[in-house]
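Work each task with the structure open, then compare with the solution.

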Amino acid sequence: MMQDKLQAIQAEAISLIRAAEKPERLHDVRVKYLGKKGELTGLLKGMKDISPAERPKVGQMVNDTREAIEAVLEEVKAGMDKKILEAKLQEEVIDVTLPAQKKGLGHRHPNTIAREEVERIFIGMGYEVMEGPEIEYDLYCFEKLNIPADHPAKDEQDTFYINKEIVLRTHTSPVQARAMEKGKLPLRMIAPGRVFRSDEVDATHSPSFHQIEGLVVDKNLSFADLKGTLAVFAKELFGAETKTKFRPHHFQFTEPSAEVDVSCFKCGGSGCRFCKGTGWIEILGCGMVHPNVLEMCGIDSEVYSGFAFGMGLERIALLKYEIDDMRLLYENDVRFLQQF
Ligand code: DAH
């Protein structure tokens, strides 16, 4: 009697399981037959009406039925899970032929490209790249460069004072003094960096711009070494046909001093719009380091001599990439920057 009932339950449960199409159906079957209020549990609760001698046998039979149903449930569930996974993999497969999403890659700024180009040239000639602080002592920015407090040359480099002793540096030349003071000779260095002047913004001026300083200190250096070095530099930067011209000039920290022009790389020197018809383009200031400067930085000017130069980085970038307005360099318009 009990056995028939169990067999009927088992058969019914198994056919329902086999007919199930989704996991939720299996769950329903589990609840209906094996759950706390399910049919098998119901039978076990009826055990108290069975004679004690029969109980273990009936208990065993109920358990066997439960296990049989469980086994089929597991089997069907496993089959279903596998099918679901396969369908999911099919659906989520990546199509490698689809066009990729483009990431906007960054781009080096024309100033950076120009700086790295200048660095490359001087590193190739054995120069070391150094840096100095943008917020500088008046002492290094002016005094040690032979520009005393009341000198008119200081007016030309009007700047931003933090206090009486500290300024935003007006040029990269103070790095010269810092390098010399370190006392390691001979010295061959360049120092790129940001400088500040109280200038109005226009096509060729900005209150903040960049320079690259150069300094060599050694025994037996002459103006010929300076000329040769800058001639090689100009050819490397603007092309092998580039000529250099040294015009006498005045800087407090060099004696003699000069400004250097390069032959116009656009017209080759015959005169064009680019060089304003002169055939020449000014690119830097330079000279032999003034003995006062050497001495103030602890170097014996009887034994050592030096040459130095300083150029505007923006100017180099504008020339090299034929940009006609410096403000474009600071607007950070990617459509502009991407061209270089
Ligand atoms: N410091 C100068 C300026 O800002 C540029 C310069 C000229 C640097 C001659 C030098 C130099 O080292 O020798 O105008």
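Helices (H or I, at least four residues) and strands (E, at least two) are DSSP runs, numbered from the N terminus. The model is predicted, so local features need pLDDT of at least 70 and side-chain atom pairs count only at pLDDT 80 or more, while totals for chains, interfaces and linings use all residues. Residues are numbered from 1 along each chain as its sequence is written, and side-chain values use heavy atoms, with hydrogens and water left out.

**Exercise 1. Backbone exceptions**

Task: Locate Glu 322 and Asn 220, and state the phi value and exposure of each.

Solution. 
Step 1. Glu 322 is in the loop between α11 (313-320) and α12 (328-331). Its phi is near 55 degrees, a positive value in a residue other than glycine.
Step 2. Asn 220 sits in the loop that runs between β5 (208-218) and α9 (223-238). The phi of Asn 220 is near 60 degrees, again positive in a residue that is not glycine.
Step 3. For exposure, buried means under 20% relative accessible area, exposed over 50%, and partly exposed in between (1.4 Å probe, protein chains only). Asn 220 is exposed at 74%, and Glu 322 is partly exposed at 41%.
Step 4. For background, most residues other than glycine have a negative phi, and most peptide bonds are trans.

Solution. 
Step 1. The bond from Leu 185 to Pro 186 is cis, with omega near -5 degrees. Pro 186 is placed in the loop between α8 (174-181) and β4 (187-196).
Step 2. The bond from Glu 255 to Pro 256 is cis, also with omega near -5 degrees. Pro 256 belongs to strand β7 (residues 254-263).

**Exercise 2. Strand β9**

Task: Is strand β9 mostly buried or exposed, and with which strands does β9 pair?

Solution. 
Step 1. Seven of the eight residues of β9 (residues 305-312) are buried, so the strand is largely enclosed by the rest of the structure.
Step 2. Two strands pair if DSSP finds at least two bridges between them. β5 and β9 run antiparallel and are joined by eight bridges. In this pairing, Val 216 stands opposite Phe 307 in β9.
Step 3. Strand β8 (residues 280-289) is also antiparallel to β9, over five bridges. Here Gly 285 stands opposite Gly 310 in β9.

**Exercise 3. Pockets**

Task: Give the volume and lining of the largest pocket.

Solution. 
Step 1. The search uses a 1 Å grid over the protein atoms alone: a cavity is a set of points where a 1.4 Å probe fits but cannot get out, and a pocket is an open set with protein on both sides within 12 Å along at least five of seven lines; lining residues have an atom within 4 Å of a point. Grid points are joined across faces, edges and corners, and a volume is the space filled by probe spheres set on the points.
Step 2. The largest pocket has a volume of about 1600 Å³. Its lining has 50 residues, and Thr 204, Glu 282, Ile 283, Gly 312 and Arg 315 lie nearest the centre.
Step 3. Elements that give two or more residues to this lining are α7 (152-156), β5, β6 (244-251), β7, β8, β9 and α11. The largest share, seven residues, comes from β8.
Step 4. Ala, Val, Leu, Ile, Met, Phe, Trp, Tyr, Cys and Pro count as nonpolar, Asp, Glu, Lys and Arg as charged, and the others, Gly among them, as polar. On that scheme the lining divides into 21 nonpolar, 15 polar and 14 charged residues.

Task: Describe the second largest pocket.

Solution. 
Step 1. The second largest pocket holds about 220 Å³ of space. It is lined by 13 residues, with Arg 115, Pro 192, Gly 193, Arg 194 and His 210 closest to its centre.
Step 2. α5 (110-124) and β4 are the elements that give two or more residues to this lining. α5 supplies the largest share, four residues.
Step 3. The lining divides into two nonpolar, five polar and six charged residues.

**Exercise 4. The ligand**

Task: How many residues surround the ligand, and which are the closest?

Solution. 
Step 1. A residue is near a molecule or strand if one of its heavy atoms lies within 4 Å of it. 16 residues surround the ligand, and the closest are Ser 173, Gln 176, Arg 197, Gln 211 and Glu 213.
Step 2. An oxygen atom of the ligand is 2.8 Å from a side-chain N or O atom of Gln 176.

Key: Polar contact = N/O pair within 3.5 Å; in protein donor to acceptor, adjacent residues only side chain to side chain.
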